[in-house]
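I opened my notebook for a new model today. Here is what I looked up, entry by entry.

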Amino acid sequence: MTSSTAMPEPGPHDAKATYAASGGDTDVVAIAPDPAVAEGILADHPAEDIFGEDVHAKAKDLIARYPMSRSALLPLLHLVQSVQGYVSQEGIAFCAAQLDLSDAEVSAVATFYTMYKRRPCGEHLVSVCTNTLCAAMGGEAIYKKLQTHLGSEDAPLGQEETAGTPGEPGSITLEHAECLAACDLAPVLQVNYEYFDNQTPEKAVALVDALQAGKKPAPTRGAPLTDFKGAELQLAGFFPEDEAIYRGDVDGPSQAVETLRGAQIANERGWTAPATQDVPLPVLPAKEGEKK
């Protein structure tokens with residue numbers, strides 16, 4: 001048996017240690033709230049690599065596009081989602097291994113951005129804008145209607161919860177989203193990040209019913225609708241090899257009449273933005289004690 005480190009003594013002198021170490025006979029598993037978890041902590045096994053050769057090849061392709069390898073982390077996380085439908089712990093370990101990062105560094109990024117899902121996502125991700133203008137125009141009503149329609153009156157579907165089995169055909173994950181940058185077409189929602197503008201609760205219900213039935217309604221603008229994993233693969237930077245399909249995806253019309261109307265009126269009336277001028281920055285007084 002080894003002796004424990006003494007507890008720090010109070011007083012003006014610094015302690016040699018800020019903790020009391022456990023003795024050599026401490027049974028970590030026995031004192032853990034969940035012994036199964038403790039066993040996993042003690043067993044230092046790396047996460048299993050569940051990604052195939054094609055995914056490894058795509059990862060190398062992505063990394064080669066950047067002068068610094070860690071810059072490829074965001075598209076790599078999308079690549080993981082295109083395979084699993086979410087970012088699992090195995091996905092985090094995969095990204096970390098490819099970029100020579102720690103799991104903690106990858107987790108810090110994966111948990112910062114809401115576009116990376118930590119739970120399995122449905123075949124389709126439905127994002128309803130509930131930010132200020134969309135909310136005022138009916139976005140909140142649309143979100144609440146979809147919550148009860150995809151769930152029930154007694155148990156409405158919650159944030160990032162899925163109606164159906166995640167990943168299975170017709171399954172839908174619902175989320176409320178911050179501004180989707182389409183205020184002129186409010187209220188809006190997205191399916192797998194494609195726009196459906198000028199929505200109503202009735203239109204939104206018809207849309208999710210079609211998705212659950214295996215249909216893929218055409219977005220108001222943008223690329224043809226795909227599933228969540230397909231959208232993630234494109235966000236990772238990989239597009240269809242067929243030229244016609246590729247062009248249909250990347251050249252889909254994105255502008256709307258409402259979006260361009262202001263620019264058209266300005267052009268018709270000869271309005272132009274004021275010329276910009278370089279203005280010198282004001283000289284701030286030196287702080288007390290600061291060298292001039």
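I began with a definition: helices (H or I, at least four residues) and strands (E, at least two) are DSSP runs, numbered from the N terminus. With that settled, I found leucine 74 in helix 4, residues 73–84.

**Ground rules.** This is a predicted model, where local features need pLDDT of at least 70 and side-chain atom pairs count only at pLDDT 80 or more, while totals for chains, interfaces and linings use all residues. Residues are numbered from 1 along each chain as its sequence is written, and side-chain values use heavy atoms, with hydrogens and water left out.

**Entry: a nonpolar patch.** I looked up accessibility, where buried means under 20% relative accessible area, exposed means over 50%, and partly exposed lies in between (1.4 Å probe, protein chains only). Leucine 74 counts as partly exposed because its relative accessibility is 33%. Together with Phe112 and Tyr113, Leu74 makes a nonpolar surface patch of about 310 Å². I noted the patch rule too: its residues have over 30% relative accessible area and no salt bridge, with like charges joined within 9 Å and nonpolar side chains (Val, Leu, Ile, Met, Phe, Trp, Tyr) within 5 Å. A salt bridge here is a side-chain nitrogen of Lys or Arg within 4 Å of a carboxyl oxygen of Asp or Glu. The areas come from the Shrake-Rupley method with a 1.4 Å probe, and for residues only the protein chains shown count as cover.

**Entry: aromatic rings.** How many aromatic pairs does a search of the whole structure find? It finds 4. One of them joins phenylalanine 112 and tyrosine 113: the ring centres are 4.9 Å apart and the planes are at 85°, so I wrote down edge-to-face. For the rule, rings of Phe, Tyr and Trp (its six-membered ring) pair if their centres lie within 6.5 Å; planes under 30 degrees apart count as stacked, over 60 as edge-to-face and the rest as tilted. Tyrosine 113 also pairs edge-to-face with tyrosine 116, at 6.2 Å centre to centre and 85° between the planes.

**Entry: charges over a ring.** I turned to phenylalanine 238. The charged end of lysine 58 sits over its ring, 5.8 Å from the centre, and arginine 65 lies over the face of phenylalanine 238 at 4.9 Å from the ring centre. A charge sits over a ring if NZ of Lys or CZ of Arg is within 6 Å of the ring centre and within 35 degrees of the ring normal.

**Entry: strand 3.** Two strands pair if DSSP finds at least two bridges between them. Strand 1 (residues 124–129) runs parallel to strand 3, joined by 6 bridges, and valine 128 stands opposite histidine 176. Strand 2 (residues 161–163) pairs with strand 3 in the antiparallel sense over 3 bridges, with threonine 162 opposite threonine 173. Is strand 3 largely enclosed or open? It is largely enclosed by the rest of the structure, because 5 of its 6 residues are buried.

Entry: The peptide bond from alanine 186 to proline 187 is cis, with omega near -5°. Asparagine 192 is not a glycine, yet has a positive phi of about 55°; this residue is buried at 2%.
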